[in-house]
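Notes follow in the order I looked things up.

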Amino acid sequence: MERETKGRIPADPAAGGHSERRVMDLLLADPAITVTKLAKALGVSTVSTRKVLNGLAAKGQIIRARGGAMPAFHPGILLRQRHNLEQKQAIAQAAAKLVHDGDTIMIEAGTTTALVARYLLGIRDVRVVTNSALVLPHARVSPALHLTVVGGEFRPATESFVGSIALSELDRFHVRLAFVGTDGFSPEGGLTTHLVEGAEIVRKMASQSERTVLVADSSKWGRRGFVHVLPLAKIHTVISDRGLGRDAVRVLEKARIQVCLV
């Protein structure tokens, strides 16, 4: 048992990862919530609550404001980051293993694709081209990455740069691997999304790479979005979780797509 030291605030169970998730939930529900109300909702002291807020601010998840805080990202991004988080992390880690020292890659905007950059730590002299602002925090702590972020119109809902400027800048690069995501993929529809601008970026990255790698959790299989992106035949590798059924794997392998399940 830990001893309480005089003059020091005792360890608070709410100061861990679970309390951070709870704080984010509360901030999403009410961005104007105060530290006092947060502390009451968490059942801890305001001092402990401020520690959690400071920790989230240091991670770039929130922006501190007088008397409280606000999420640093669009609410939709935060919700997607949490959805199937363990699967996304495992998928991204497996994707990063495809990258070698001295490699050249593209990373398309998305909550799973952005995590690939997180697991590149330790791989040397990797050149990364991306339209994703979510890649930046990972690149900051990985000095061996040479990051190029293309310009364009910024979309907070996807933390991405899109449009004609982004497309023309991507034309300047050729890479070995392009890591892309999707809102849904199926035999009939191929890769699909709900955003026309996002589809344009994926198509451009696929055309500028030697191999296109789809990173998508199994919940995306069978879904068909508003905008067609690419036929399955344009994908070389699919990395997903073991929730992807045998029938789906057979369909993908029949299309000569390498399938990696984690």
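**Confidence**

I started by noting that this is a predicted model. I looked up the pLDDT: the protein averages 88, and 89% of its residues reach 70 or more. I then checked residues 1-15, where the pLDDT is below 50. That stretch has 11 contacts in the model beyond near neighbours in sequence.

I traced an open sheet of seven strands, and I read the order as 5-4-3-8-11-13-14 with parallel pairing. Which strands sit at the edges? I found strand 5 (145-149) and strand 14 (258-261), each pairing on one side only. The twist from one strand to the next averages 20°.

Inside this sheet I looked at strand 8 and strand 11, which pair in the parallel sense over five bridges. For valine 175 I found serine 209 in strand 11 as the bridge partner.

Next I asked what packs on this sheet. Helix 5 does, touching strand 8, strand 11, strand 13 (237-240) and strand 14. Its direction makes about 145° with that of strand 13. Helix 9 also packs on the sheet, and I see it touching strand 3, strand 4, strand 8 and strand 11. The angle between the directions of helix 9 and strand 11 is about 135°.

I then went to an open sheet of three strands, order 9-10-12, with antiparallel pairing. Its edge strands are strand 9 and strand 12, and the twist averages 35° from one strand to the next. Strand 9 and strand 10 (residues 190-193) pair over three bridges in the antiparallel sense. I looked up serine 186 and got glycine 190 in strand 10 as its bridge partner.

Helix 9 (residues 196-207) turns up again, packing on this sheet through contacts with strand 10 and strand 12. Here I noted an angle of about 10° between the directions of helix 9 and strand 12.

**Cores**

How many residues are in the largest nonpolar core? I get 25, with Val99, Ile105, Ile107, Leu120 and Phe179 making the most contacts inside it. I listed the elements that each supply at least two residues: helix 5 (85-96), strand 3 (104-107), helix 6 (111-118), strand 4 (126-130), strand 8 (175-180) and strand 11 (209-215). Helix 5 gives the most, with five residues. Apart from this core lies another one of 20 residues, and I noted Val202, Ala206, Ala216 and Leu230 among them.

I followed up on isoleucine 107. Leaving aside neighbours within four places in sequence, its contacts include Thr113, Ala117, Val128, Val135, Phe179 and Met205.

**Ring pairs**

I found two aromatic pairs in the structure. Phenylalanine 154 and phenylalanine 161 are tilted, with 5.2 Å centre to centre and 45° between the planes. Phenylalanine 154 is partly exposed at 36% relative accessible area.

For phenylalanine 185 and tryptophan 221, the centres are 5.0 Å apart and the planes stand at 75°, so I logged the pair as edge-to-face. This pair links distant parts of the chain, 36 residues apart: phenylalanine 185 is in strand 9 (residues 184-186), and tryptophan 221 is in the loop between strand 11 and strand 12 (227-230).

Methods:
Residues are numbered from 1 along each chain as its sequence is written. This is a predicted model: local features need pLDDT of at least 70, side-chain atom pairs count only at pLDDT 80 or more; totals for chains, interfaces and linings use all residues. Side-chain values use heavy atoms; hydrogens and water are left out. A nonpolar core is a set of buried Ala, Val, Leu, Ile, Met, Phe, Trp, Tyr and Cys residues joined through side-chain atoms within 4.5 Å. Buried means under 20% relative accessible area, exposed over 50%, partly exposed in between (1.4 Å probe, protein chains only). Helices (H or I, at least four residues) and strands (E, at least two) are DSSP runs, numbered from the N terminus. Contact means heavy atoms within 4.5 Å. Rings of Phe, Tyr and Trp (its six-membered ring) pair if their centres lie within 6.5 Å; planes under 30 degrees apart count as stacked, over 60 as edge-to-face and the rest as tilted. pLDDT is the predictor's confidence in each residue, from 0 to 100. Two strands pair if DSSP finds at least two bridges between them. Axes are lines fitted to C-alpha atoms, for helices over the stretch in contact, and angles run from 0 to 180 degrees between N-to-C directions.
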